[in-house]
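Here is a report on one model.

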Amino acid sequence: MVLKVVLRNLQKHPFLNLVKIIGLGLALTGIIFIALFLKNELTYDSFHQKSAQIYRYTTTDPDFFSGKHFARVINPGYIHEMSDALPEVEEFVRLRPVRGGLMKYDERYYKIAQAFECDSTFFNVFDAKMLIGNKETVLENPASMVVTQSFAQKVFGERNPVGEVLTLPSGQYYGEDQDFTIAGVMEDFPANSHFHPDFVATPLANQFAYGWAWTYLVLNENTTVENVTVGISDYLKNNREANPEEMDTEVHLQRISDIHLNSHKLREIEENSNIRNVYVLAIAAFILLLISISNYANLNIGMSGFSAKYLFINKLLGSSKSAVVKYFFFEGICILGAALLFTVLLSVPVNTGVIRFYKLNLLAGNSTTIVLLVLAFSLLSLVFGMLPVLKSVFSSIRLGGNRSSAVAVHRNGVSRVLIVFQYAFSIALIITVIVISRQTNYALKHSMGVEQDNVLCFESVHASIQQKFGVLKEELLQYNSIESVSAMLEPPGGEANDMFPFEMEGYESENPEQNFESIGVFPCDYSFASIFNLQFLAGNNFTENNKDNEGLGEYIINKAAMERLHYSNPDEIIGKDFKLIFSTPGSGITIPKGKIIGVVEDFHLSSLRKQVEPLVLFKRDKLWLLNFVVSFKPGMKEEALADMKKVWGELFPEYPFQYEHVNAMYKRVYKAELLQARLLSVFTLIALFICSMGLFGLALIITQNRTKEIGVRKVNGARVSEILTLLNKDYIKWVALAFVIACPAAWFAMDKWLENFAYKTTLSWWIFVVAGVLALGIALFTVSFQSYRAASRNPVEALRYE
Amino acid sequence: MIQLKNIDKYYDAKFQRTFVLKGVNLDIDQGEFVSIMGPSGAGKSTLLNIIGFLDEPNEGEYLFLDQPANQLKEKQKVQYHRSHIGFIFQAFHLIEEMNVYENIETPLVYRGVKGKERKAMVAEMLDRFNIVAKKDLFPSQLSGGQQQLVAIARAIVGSPKLLLADEPTGNLHSEQGQMIMELLKKLNDEGMTIIQVTHSEENAKYGNRIVRLKDGYLKEDE
């Protein structure tokens with residue numbers, strides 16, 4: 001029976017109830033998706049059975065790349081003996097990246113995104129579901145390969161690939177073709193893994209002695225990380241150090257489950273996320289929860305007047321307090337039920353969108369989590385939505401009669417606090433979104449080649465293509481659509497980590513004990529500076545050829561390098577003798593001695609999170625030019641692409657024509673920030689929407705409650721404008737208070753957030769003003785409709801209405 | 001049945017105390033039909049509310065069926081509302097969201113009367129007040145007199161011992177008012193104790209005793 005009354009009562013105020021339903025539904029949808037996304041982020045690599053025991057091993061050394069922390073280990077040949085020597089280490093595996101990006105099968109090249117040469121112990125460390133083959137034996141032999149399902153499908157279709165031979169083509173990285181025999185097929189690694197290889201393979205011979213490999217150790221359950229760290233240090237000291245007393249190599253062990261969120265080393269396998277993103281999103285979800293529940297509670301308080309009479313009469317007729325609770329409980333259940341339905345309807349398109357853009361099916365396999373979330377959310381909104389209502393109902397009900405319907409919202413302290421609080425969060429969210437978007441734009445704008453918006457990049461091309469760079473450049477420049485062509489060591493957005501020792505005329509080392517000091521280097525084609533519009537502070541660009549003769553080498557340095565070399569006036573360093581020393585024996589590579597011919601303003605090749613490092617640009621012919629960049633003339637993108645494809649097809653018919661817009665590459669660098677900005681704008685919109693709807697509903701209730709007052713005031717001569725002021729004054733006060741609360745909090749949070757960046761925008765005052773004005777504008781726009789209607793109503797009508 | 005001893009009811013404002021009732025003494029026996037009269041603001045409704053456990057006195061003692069009211073627990077008050085006391089109001093106070101049948105049925109539901117029995121009791125009331133045809137209508141679809149009939153039916157369906165009526169005819173025209181008063185008289189004849197608040201001397205005469213209130217004091221008891 002109560003239910004029947006509840007339903008009839010709900011129907012009487014369809015709009016206000018719809019506001020409640022939409023508010024709760026939107027918030028619940030948001031919270032479910034955030035929570036599932038966070039779950040995904042926080043469970044990275046935990047699917048490995050030994051996840052708690054797997055640690056990634058790295059070392060740092062101040063003498064080696066100035067102590068830069070790489071995620072990989074150099075020359076990891078010793079890992080095997082080290083593991084044998086340490087009883088605490090149960091197992092190890094090394095992953096050497098398969099480089100070159102291509103595999104050959106049946107005279108065709110296939111692009112690989114990521115693949116490793118590994119030890120035969122791969123499956124003893126990592127868990128992967130085998131579809132064909134036995135984990136224990138599949139990698140027993142050298143040159144055995146296990147491919148993932150999707151890669152197998154790409155190359156072999158539905159055929160069983162076991163026994164087929166894939167070739168790693170010779171080129172820059174490999175002296176000759178290497179054949180691997182497929183021995184098994186495994187499932188693709190799940191989304192929440194910090195690496196996703198297309199295949200893993202054991203090398204032909206032990207090739208781990210030189211080069212780099214990501215190295216993972218499985219530690220004994222009964223040992224501690226500190227123990228093992230000390231053990232490894234001792235091992236290195238006794239076995240690998242020429243000078244054990246002075247060893248300053250530091251050993252680092254990082255738990256595999258910490259890699260995704262807490263690792264910021266160089267040369268990670270994939271771009272990692274950041275624990276800050278998790279915090280930002282968790283806070284957003286929490287705010288959403290608070291806003292939606294407070295909004296719901298507030299509307300409940302406002303609307304409790306509508307059922308006050310019913311409850312009063314019921315008390316006369318002998319209903320107990322529990323019946324009142326029951327009434328509001330049923331009402332809550334109905335609203336929540338409808339909100340759940342709305343959530344279900346909303347989740348389908350949202351999930352489709354998430355799958356399309358982020359390749360993440362958040363809803364799949366998470367039913368328990370979802371049910372728990374829904375239950376928790378329902379319980380919270382039921383309890384906190386009902387509490388303030390029950391409180392005000394119980395205190396007013398005994399006074400009896402219609403008077404209790406005037407649970408005056410505009411005088412109700414709880415309501416006021418809730419509204420102020422909602423708006424404070426909304427304003428803070430608006431500020432956050434503006435700051436994050438501004439910083440992301442700032443970073444993108446200052447990234448190399450983004451502002452010109454006409455640069456395309458062929459990333460890490462194959463060695464045989466690199467050899468023909470000169471031909472490609474010459475051919476391309478014959479076309480009217482092509483503006484410039486250049487090449488360089490690192491792709492836009494990449495890390496320029498390489499350092500060479502150097503000598504310079506008149507340079508005195510700060511540290512005389514060291515023979516040579518090193519400086520960051522960046523081999524490139526002669527038109528590098530012009531294609532990216534580098535600003536010359538002094539001197540000139542390279543001469544137009546890539547070959548330098550001994551004694552006539554040309555070096556361009558950036559401002560950071562100039563300061564590194566103890567100069568402050570760029571004109572003074574021009575013409576100084578300079579030499580880079582490349583000292584890999586047997587490589588046959590020499591870098592000609594020469595002079596510094598130019599100084600350029602610092603440019604942002606890498607992320608703006610990091611300080612720009614000193615960098616020496618020098619030209620190389622057919623060496624170290626891994627990445628090609630091509631700029632086209634404005635407005636001729638289509639023609640340029642067609643021309644490039646044509647030239648590429650003629651020169652390199654067997655290689656895929658794959659290019660990327662430089663803008664897109666930098667967007668990948670700021671993926672996390674862009675994602676944050678996008679998600680936060682969505683949440684801000686939702687939050688603002690919920691707040692506005694709630695305020696709209698409250699305004700409706702308040703003006704209804706004050707209809708008589710307004711009528712009386714008008715009969716006594718108040719103008720519409722005066723009534724409007726009277727009604728809107730409160731809202732302005734609330735938003736102003738919210739603004740005062742929100743600003744310092746947002747300023748503090750954003751100041752912290754901006755610390756992520758070495759180069760950042762300012763937290764200008766206008767951002768705060770815009771946020772405040774926006775919130776006030778939305779609030780006034782929302783309530784003015786109601787206020788105006790109430791104010792302009794014929795007072796006679798208003799009084800009769802009462 | 002009802003004993004009020006030295007009842008005070010007041011509201012405290014910042015600097016002064018406003019008395020609504022002051023030193024009210026009143027005894028009402030079972031079977032009486034008492035009319036409380038007095039000018040606006042005299043405290044009539046407040047007195048009725050105190051008797052009906054809708055309000056509490058600040059001072060004094062109230063015995064209901066020889067039980068001190070201030071010692072009653074909330075549960076017992078609810079119990080009295082369920083089984084001993086019926087209310088009628090000037091503004092009828094029917095539940096807008098319920099039709100006639102459901103309005104009359106509600107107190108029986110709270111009392112825990114079984115479905116079948118409930119049906120019979122409501123049917124008897126509808127029959128007695130001649131509103132069978134109206135049982136599916138909602139209050140807004142009824143005239144004032146009809147609404148008050150439903151309200152009375154609802155008040156007495158559980159055969160309470162005490163019926164409290166706050167200006168039951170105040171919103172009705174004289175003919176309808178007369179009909180309602182006849183009905184109350186009849187109920188009193190059947191043994192129900194009735195206390196009504198009224199402005200009308202005429203209506204007051206339906207009862208067998210008149211109590212006059214002025215400025216919170218009990219002026220006269222005839």
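## Helix packing

In this predicted model, helix H19 (residues 671-705) of chain A packs against helix H22 (residues 765-792) of chain A at an angle of about 20°, with the axes 9 Å apart. Axes are lines fitted to C-alpha atoms, for helices over the stretch in contact, and angles run from 0 to 180 degrees between N-to-C directions. Helices (H or I, at least four residues) and strands (E, at least two) are DSSP runs, numbered from the N terminus. H19(A) and H22(A) are therefore roughly parallel to each other; that term covers angles under 35 degrees. Their crossing is right-handed, meaning that the near helix is turned clockwise from the far one by less than a right angle.

On H19(A), the contact includes A:Leu688, A:Leu695 and A:Phe696; on H22(A), it includes A:Ile778, A:Val783 and A:Gln786. Two residues are in contact if their C-beta atoms, placed from the backbone, lie within 7 Å. The contact residues divide into nine nonpolar, five polar and no charged. Ala, Val, Leu, Ile, Met, Phe, Trp, Tyr, Cys and Pro count as nonpolar, Asp, Glu, Lys and Arg as charged, and the others, Gly among them, as polar.

## Strands around E10(A)

Strand E10 (residues 178-186) of chain A pairs with the strands below. Pairing requires at least two DSSP bridges between two strands.

| Strand of chain A | Bridges to E10(A) | Sense |
|---|---|---|
| E7 (residues 130-132) | two bridges | antiparallel |
| E8 (residues 144-148) | five bridges | parallel |
| E9 (residues 165-168) | four bridges | antiparallel |

A:Met130 has A:Met186 as its bridge partner in E10(A). A:Thr181 of E10(A) is the bridge partner of A:Ser144, and A:Val165 also stands opposite A:Thr181.

## Contact between chains A and B

The contact takes 14 residues from chain A and 16 residues from chain B. On the chain A side, helix H1 (2-12) and helix H8 (275-316) are the elements that give two or more residues. H8(A) supplies the largest share, four residues. That side divides into six nonpolar, five polar and three charged residues.

## Confidence and conventions

Chain A has a mean pLDDT of 85, and 95% of its residues reach 70 or more. pLDDT is the predictor's confidence in each residue, from 0 to 100. Over residues 399-410 of chain A the pLDDT is below 50, yet this stretch has 32 contacts in the model beyond near neighbours in sequence.

Residues are numbered from 1 along each chain as its sequence is written, while chains are lettered from A and ligands numbered from 1 in the order in which they are written. In this predicted model, local features need pLDDT of at least 70, side-chain atom pairs count only at pLDDT 80 or more, and totals for chains, interfaces and linings use all residues.

Terms used
Parallel < 35°, antiparallel > 145°, perpendicular 65-115°, else oblique.
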